[in-house]
Amino acid sequence: MNALICPGIARILAAAAPTLICALFAPAAFAFCGFYVGKADANLFNEASQVVMVRDGDRTTITMRNDYKGELTEFAMVVPVPEVLPEESIKVVDNVLFERIDAYSAPRLAEYYDANPCHVRSARKNGLAGRLPQSLAMDAVREKSEEDRGITVEAEYTIGEYDVVILSAKESNGLEIWLRENGYRIPDGAAQALAPYIRQDLKFFVAKVNLAEQAKTGSAYLRPMQFSFRTEKFMLPIRLGMLNARGPQDLVLWMLTRTGRVEATNYRTVRLPANMDIPTYVKGDFRTFYKALFDEQAKREEHRVIFTEYVWNMSWCDPCAANPLTPAELRGLGADWVSSGGRRAPRAQPVMLTRLHVRYTAETFPEDLMFQETKDRANYQARYVLRHPAKVAPDACPAAGRYLDQVAERQEREAKVLATLTGWDVNDIRERAGFAVRERPWWEEWWVGLAP
Amino acid sequence: MGRVGAVRAGLAHEVRAARAFVARLPRDARIYQILFLGVLLGAGALARDFTLRPEQMALTFAAGLATQMVCVRALGLERVGVLSALITCLGLSILLRADSLWVHPFVAALAMASKFAIRVRGKHLFNPANLGVIVGVALIPGAWISPGQWGSDIASAAWVVALGALVSNRAQRLDTSWAFLGCYLGLVAARVVWLGYEWGVFVHQLESGALLLFAFFMISDPMTTPNHRSARVAHAALVAAAAFAWQFALFMPNGLVWALFLATPLVPLLDRIFRAERFNWRDNPALPGRGVPAPRTTTTSS
């Protein structure tokens, strides 16, 4: 059995076709005046772990997506937890919740159309529009030598399609041997990684698939597993997941809290560069662009930081990649404080969503992630803007020539921004964007480079 | 021999020139502190994605300096300049984050006013930046601090240590910084050994920009730490133990600033038990008349 240790539990297929949704859903004050045209969802990143964490006081609910594509007999996960979880605090939830929260918070592309410069009045009126708007019961538990090794099976449940065992251990070698004897292929070095959790008196939540129960669900995939507990520690254990990692790993983490944005206290949390104009040809392949951007930014920060991709009060969005989650969906993820409400989300939903994306290596993230909820309620989104020039002949009116010169300058700037964001070659970008490639004197290059 | 003599003479000349240069440098350690905190704030804002807005910074300085001037005038004090106010404003800009514009000036004014209002035997009690940050974090909506904002990498850690050591040395409070760091990192090392972590965890803590900044620029403030050297070292050790417990036993963030805040009321008590002369920025004996920094002596006379 191949034990995938949490949270490196998910194997996710590469990018599917870009989603095209046109949605307009915004309060008037910050009206989004373009069309939402694409998003880069978490499935874009291969083998990204996907976790939703809900934190309210010391109450913590963790939901983990098991988008596992291998043999079901080989699936297993091991998660350190602070207490022996009672059966009622563990459940399986619908995959749709992940799809919803992912769609709602995904990095997005927005597009705008320039007004025709020859229509002076409307151009002035729309001048603002052209600018950026605000916008584990184990079936073969061997009891004979458990006590000798300091392993106690604290509880055993069958929850949905999973067999769950809660273990406590006195020493890490004993736990490693127990796991091996019970069919988990534990990676080398597991004992050393398990030791600190045992010393801190944590329990181990160990789950594998109950094939009979899985057959009853009639579904090919595993549903996300959710468990709740109380702990003062606002943290997510990631170190165990590094044992079977070959290179950098991705984790997309959605944090739901009552009041403010969540950030790490033991690593830098930074916002991805966003809200920039990029060449319009990116519209056809936004997912490739976003993947390249994230790769480049993660590399530039040497895999040492946690990126914020989205921070928003759950009651609205602008532009909306998908409608905000309903009170029922939020409660389904563990945000118990949300009143079940009526058919529609109430106007002020007391839930802040922080979407974090981290690409980590064992060397750059030597400690588990520790978090704090700040009192920051400022919205942020990874949003990129396309501005389509108006189609106008240079001699259509006196303003047209000047407008086209400005468009050429703007497009050159957009090409450079795209090159900086993604690490792509600027000449390739110019070519793809259909610009006439023109050699610039060095001083002009320098000057354009300085331009904001 | 003649050649050696010439070299000696040359060297002597260089040493004299260096001494003369040092003699001309400002004697007040706060000048250097302002300079280096300014560099750190600039570097943080430009290279570390601080979520600090320029308006917030401007308002911090405006409110902090205005409060200082009003208090000095109202109390008819002499020989009180703006250097300390600048340091407090720099410290608040580096540490405090807010989602509105009023928080920074409000906290800056409060921090500066505390210097004049909360005094024990003629010495102000709280480190103004520390008090301001605690008020912000504990009482004000929409204000927070980001302990992770400096990240951890050797290069920036080295810079903070180098700059901080210079300032603390000039302010004669390097003993506080080292005592604090020694105790805190000792406890962290003990935890790493006890829990069986890899040493990478220790190194990660050691490189923490927030820790080093606190050690060299906040707890080393000579005006709000005990006057007697032994008392300072004891106080620093206590702050280190409290900060460690706050973070690793209570699992709460921002242990450093909370520990210093909670340990502050002990300073007058320690000053009473361990008697020593009060620190004076201008007559800093770290820089005696000849202009050569003395080896680390203390201001204590006991």
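Which residues of β4(A) are buried on one side and which on the other? Ala76(A), Val78(A) and Pro80(A) are buried on one side. Met77(A), Val79(A) and Val81(A) are buried on the other. In a regular strand, side chains alternate between the two faces of the sheet.

This is a predicted model: local features need pLDDT of at least 70, side-chain atom pairs count only at pLDDT 80 or more, and totals for chains, interfaces and linings use all residues. Residues are numbered from 1 along each chain as its sequence is written, while chains are lettered from A and ligands numbered from 1 in the order in which they are written.

A residue is buried if 20 or more other C-beta atoms, placed from the backbone, lie within 10 Å of its own. Strands (E, at least two residues) and helices (H or I, at least four) are DSSP runs, numbered from the N terminus.

Strands pair if DSSP finds at least two bridges between them.

| Strands | Bridges | Bridge partners |
|---|---|---|
| β4(A) and β9(A), residues 203–209 | 6 bridges | Val78(A) and Val206(A) |
| β11(A) and β18(A), residues 369–373 | 2 bridges | Leu236(A) and Leu369(A) |

An open sheet of 3 strands in chain A has the order β11-β18-β13, with antiparallel pairing. β11 (235–236) and β13 (262–264) of chain A stand at the edges with a single partner strand each, so one side of each lacks a neighbour in the sheet.

Chain B has 13 helices and 4 strands. Of its 302 residues, 44% are buried.

Key: A residue is buried if 20 or more other C-beta atoms lie within 10 Å of its own, exposed if 12 or fewer, and partly exposed in between; C-beta atoms are placed from the backbone.
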